[in-house]
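Open the structure in your viewer and keep the selection panel handy. We will walk through it together, one stop at a time.

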Amino acid sequence: MYQHLLVKRDGDTVTITMNRAARRNSLSADHLAELLAAFREAGTSDATGVVLAGAGPVFSAGHDFADVAARDLTGVRELLTLCTDVMKTMESIPQVVVARVHGLATAAGCQLVASCDLAVAAESAGFALPGGKGGWFCHTPAVPVARSIGRKRLMELALTGDVIDAATALDWGLVNRVVPDEQLDDAVAELLARATRGSRASKSMGKVTLYAQLDRPEADAYAIALEVMAAASQLPGAREGMAAFLEKRKPAWPD
């Protein structure tokens, strides 16, 4: 079904693997279109989690310059719009999305990591916004990265263009875990299992609301969260969770 991806389902988890190893999993328009389709398909399924991975020695080298260089202004704008749609779709689907990062994740590849809900990195991983020392600054990749690591660290990453190692990415908040390379798959599965416990409907609503209130003024964030949390209290999963707590038993989730 896909030319640039491998998509498989194992139990409640869909794994989307970028499969352009010869091109360092660079993001051409065709590759981005397939990512968008795969995430949309996963989003409409009954899966609870999605893992984004990369085949070969590199997670993703970012935009495919061969594609970019062949485009005029309108064409590049369309390409960046497609890329933005992929990032926003990962945030909007109800499933928990985890990046499985090995090797380098640079430019839009780093943007992919920052746009996932969670990220686990191998010790071999590295992260960069290399446009800072090149000719095409990483404007759009910096958007989700900024929301993960903060202003000063973003400025260092974006202005120098230098690679930071996995330990630094963990310290800066770009990833959740760093593990030895041989433990990467187990660590991804363990974190995803913990992040997908409980009521599916409740977690789906929770993820949407977290992104909706993120970076808004506190009063606006509370206004959003208050209304959603009040409505969510009436969900079957919320009712079951409260009943199970009061009755001192394990919940039997209805969804």
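Are H3 and H4 roughly parallel or roughly antiparallel to each other? Select helix H3 (residues 73–92) and helix H4 (residues 108–115): their axes come within 9 Å and cross at roughly 20°. H3 and H4 are therefore roughly parallel to each other (angles under 35 degrees count as roughly parallel, over 145 as roughly antiparallel). The axes are lines fitted to C-alpha atoms, with angles running from 0 to 180 degrees between N-to-C directions. Helices (H or I, at least four residues) and strands (E, at least two) are DSSP runs, numbered from the N terminus.

This is a predicted model, in which local features need pLDDT of at least 70, side-chain atom pairs count only at pLDDT 80 or more, and totals for chains, interfaces and linings use all residues. Residues are numbered from 1 along each chain as its sequence is written, and side-chain values use heavy atoms, leaving out hydrogens and water.

Next, select strand E1 (residues 5–10) and strand E2 (residues 13–18), which pair in the antiparallel sense over six bridges (strands pair if DSSP finds at least two bridges between them). Lys 8 has Thr 15 in E2 as its bridge partner. E1 and E2 form a hairpin with two residues between them, and Gly 11 in the turn has a positive phi of about 65°.

For the last stop, look at the open sheet of three strands, in the order E5-E7-E8, with mixed pairing. Strand E5 (104–106) and strand E8 (164–165) stand at the edges, each with a single partner strand, so one side of each is left without a neighbour in the sheet. Leu 104 stands opposite Gly 126 in E7.

Technical notes: Parallel < 35°, antiparallel > 145°, perpendicular 65-115°, else oblique.
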